[in-house]
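Student: I have opened a protein model and would like to learn how to read it. Please take me through its features slowly, giving the general idea before each case.

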Amino acid sequence: MIGGIFPVYNKEILITSTFDDQPAGATCTLFDLRAFRWTQVMIFAIEEVNSSNFLLPNVTLGYRILNSCSSPSITLRAALALAGGVERTQSPACVPAVSALIAESGSSQSLAVAGIMGPFQVPVVSYFSTCACLSDRDKFPTFFRTIPSDYFQAKALAALVKYFNWEWIGVIQSDNDYGRNGVSAFIQEVKKLGVCVAFVGTVLRTYSMDKILRVVDMIKSSNVKVILAFVPEGDFRPLMTEIVKRNITEIQWIASEAWITAARLSTPEMYQSFGGALGFVMPKRAIPNLKPFLKDIDPYANPEDGFVKKFWDVMVGCSPVLHGAIEGNEPTKQICSGNETLKDLDDVFFDVTQLRVSYNVYNAVYAVAHALHQHLFCQAASNITNKLCKKVSDITPKQVTENLKKLTFQNIFEDEIFFDANGNPPPSYDLINWQMAEGKVQHVTVGHFTSVNGNDKLRFNEEDIDWRTGQMVPKSVCSTVCSVGTRKAQIRGKPVCCFDCIPCAEGTIANLTGEAECTPCPEEFWSNNLKNQCIPKTVEYLSYQEPMGIALTVVSLMGTALSMATMLIFILYRDTPVIKASNSELSCFLLFSLFLCFLCPLTFIGKPTIWTCMLRHTVFGVTFAFCMSCVLCRTIVVVAAFKATFPRNSTAANFGQTQQRIIVCSCTLVQILICAAWLKLSPPFPDKVFKYSNTKIVLECNTGSQAAFYTVLGYIGLLAIICLVLAFLARKLPDNFNEAKFITFSMLIFCAVWITFIPAYVSSPGKFTVAVEIFAILSSAFGLLISIFAPKCYKVLITPEKNTKKYMMGKR
């Protein structure tokens, strides 16, 4: 005896008002044609086994089928009744307790049955319970099923969501083990793929309408365009009805296997909101000779079968009169004449071309039959006539369970594999789509999913490319993909799929859409205005082509020309008293040094190189040391001449041409030695400076050794200060020979320029640092040239009457 438990009658929700706040009532009166066909497939399979010559020969299978009403408590009572063999009133010997149960469609019902039957070793084979929790062999050692676990369906659904790049989805679950466990497994899978779940709505067929409406409002208020409904058809129907009433469309529905092919839901009315739904189902199979068997259903042949009577009432439209009595028939129902037949009826009930759950029932019966055969005949079924090795009366549910476990990965018939080590069949799903054809909702196969050894494969049929790439596939994201040049910024308190797009910071780019972080540009590059590309930074240095460089070059050359012109004047008028009094040789040395000082800025302009960097600072240091040496020597001569006015003072005689040359050369040599040591130990070098601007690279000469640089400046400053002090001491010379005053004034200018140069040099950015240094060089050089030589040239060229010995001696 094999027991069967099916939800032939379901709970029908009785609603008086869609806005009624009171809980809705429910009665177990809604006849389910789909579940009734499952019962008939079970009977058909048992009759096939009984007529087989090689499977259980000379052994007859019986069956008892009870209704579960999709209720765990009713299912449990039915299972206990079948396993205990109760209600055997006529012939107890012929109505033994069942050896196995074919149960149940819902996971919650199967959990109840498997939990209570496990300790008694009664095998339970489910045809439609997919909860992954039922694969726990420790909790449910006698549970088997002919449908894959939801673990694999969750992976398939996650792969589907990932395939279409849906990142923001809603979920509807049933308030039972099937819905909760299935959704939990699905969410775990999609989280790995970066998909976010906007909401999880919960429904149940016995829920009051206000709970259903809350879920509807949740859907309407959300911006999701894709919703997964992981619910059985009975639990989903009330919500579907309300969604159609509210005219909620433009949502891509993803279905679990529990409702995607349900006949009660496959109506044109539902299609307006649920058309195009995608879902996974078991691969369809054909059962030979099943259609004629279904057409032969007759209530008069089975008068005690209440299921058949109700089926006839629904299918034919009249109530059959059994045993000549009409008691129990509703007075409003038409009484059958007895001539009605199913032969000419064209109903989806008789469409056996896409058997999925029905085929699972068929497989479940055959699995039990093979387990019984293995037990009774001690070998697998074959075409060879087998002899019993055990008595039929020795059959125990425990032995059937053990033999069911032995069916693991065994080919039973037509290359079908029943169970793996956890009592599950190998995962394989068809991907189907709700489409409309000839006024009816059709379930069109568009792809396939398999999972073997952790390798998941989602494949679409080539002929379905159009609808997958067309307008029918919506986008579902919480936030639009960030464009290039922007990055994601997480919104506090919301899932990771909800974000703002903010522009990349300066110096960083995002050259791809949807970047989580901006990529910093290399040091010598900077981001463009669109923040999508790194472009080379502008290279900056004081060049001859820019206005500042041109102006400084012109001034430098002008100073050079003035120095040469002044030297030419001194050579041409060397015999005049003013020139003779100015020490023409020493003046020429000073003019030559100023000539070099005016040329020195030219080494500061242009792109820095190794040679120009070494040249500019050393030439500057040596030329100005040479210049200051000449001024110092000139100052000493003036002081010596002042002291010579006193009697018996021979100081002036000690400062002849030789001594002057020695002073100039020795003072210049010290600076040459300092510069040589500088070049040897840590010479200046060209350097790229990034600190002044984010968008520019400043090319400048790094001094190498700061100590050497400031030593060079310090030495020049020391010479200048000595000159200033000595010139100040000689300021009392006669007015007509005011050389000391001119030197004093020139040194004041020189010192003022270089004292202000230091803070300006330190604070000036980029190429302006070089410009400040050039300005200091030119200013100090012009100060010396004009202060010392301009009065003399004026006397020589403009007022020659003053260029006399008498005038120089103070005589009129």
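**Reading the features one by one**

Student: Does Phe274 count as buried or exposed?

Tutor: Phe274 has a relative accessibility of 0% and therefore counts as buried; the word means under 20% relative accessible area, whereas exposed means over 50% and partly exposed lies in between, with a 1.4 Å probe and protein chains only. Phe236 is buried in the same terms, with a relative accessible area of 0%. Please remember that this is a predicted model, in which local features need pLDDT of at least 70 and side-chain atom pairs count only at pLDDT 80 or more, while totals for chains, interfaces and linings use all residues. Residues are numbered from 1 along each chain as its sequence is written, and side-chain values use heavy atoms, without hydrogens and water.

Student: How many aromatic pairs are there?

Tutor: Rings of Phe, Tyr and Trp (its six-membered ring) pair if their centres lie within 6.5 Å, and the pair is stacked if the planes are under 30 degrees apart, edge-to-face if over 60, and tilted otherwise. By this rule there are 38 aromatic pairs. One of them joins Phe236 and Phe274, whose centres are 5.7 Å apart and whose planes stand at 80°, an edge-to-face arrangement. Phe236 belongs to helix 7 (residues 233-245) and Phe274 to helix 8 (residues 268-274), so this pair ties together parts that are 38 residues apart in sequence. The rings of Trp678 and Phe709 have centres 6.3 Å apart and planes at 55°, so that pair is tilted. Because Trp678 lies in helix 18 (residues 657-681) and Phe709 in helix 19 (residues 706-729), the pair links parts that are 31 residues apart in sequence. Trp678 is buried at 2% relative accessible area, and Phe709, also at 2%, counts as buried too.

Student: Which residues do ring pairs link into a cluster?

Tutor: Ring pairs connect Tyr9, Phe31, Phe36, Phe307, Phe311, Phe349 and Phe350 into a cluster.

Student: Which residue has its charged end over the ring of Phe144?

Tutor: A charge sits over a ring if NZ of Lys or CZ of Arg is within 6 Å of the ring centre and within 35 degrees of the ring normal. Here the charged end of Arg137 sits over the ring of Phe144, at 4.8 Å from its centre. In another case Lys211 lies over the face of Tyr207, 4.6 Å from the ring centre.

Student: How many residues does helix 1 have?

Tutor: Helices (H or I, at least four residues) and strands (E, at least two) are DSSP runs, numbered from the N terminus. Helix 1, residues 33-50, has 18 residues and reaches 26 Å from its first C-alpha to its last, close to the 26 Å expected at 1.5 Å a residue; the expected span is 1.5 Å times one less than the number of residues.

Student: Where does Val321 lie?

Tutor: Val321 lies in the loop between helix 10 (306-316) and helix 11 (357-377), and at 22% relative accessibility Val321 counts as partly exposed. Val321 and Cys336 are 15 residues apart in sequence, while their C-alpha atoms are 6.7 Å apart in space.

Student: What is the order of the open sheet of three strands?

Tutor: Two strands pair if DSSP finds at least two bridges between them. The open sheet of three strands has the order 22-24-23, with mixed pairing. Strand 22 and strand 23 stand at the edges with a single partner strand each, so one side of each has no neighbour in the sheet. Strand 22 (residues 538-540) pairs with strand 24 in the parallel sense over three bridges, and Glu540 stands opposite Val698 in strand 24. Strand 23 (residues 685-689) runs antiparallel to strand 24 and is joined to it by five bridges, with Asp687 opposite Glu700 in strand 24. A hairpin of six residues leads from strand 23 to strand 24. Strand 24 (residues 696-702) is mostly covered, as five of its seven residues are buried.

Student: What is the order of the eight strands in the other open sheet?

Tutor: Those eight strands follow the order 9-8-10-11-12-13-14-15, and their pairing is mixed. At the edges are strand 9 (196-203) and strand 15 (455-460), each of which pairs on one side only. Strand 14 (residues 440-452) pairs with strand 15 in the antiparallel sense over six bridges, and the bridge partner of His448 in strand 15 is Arg459.
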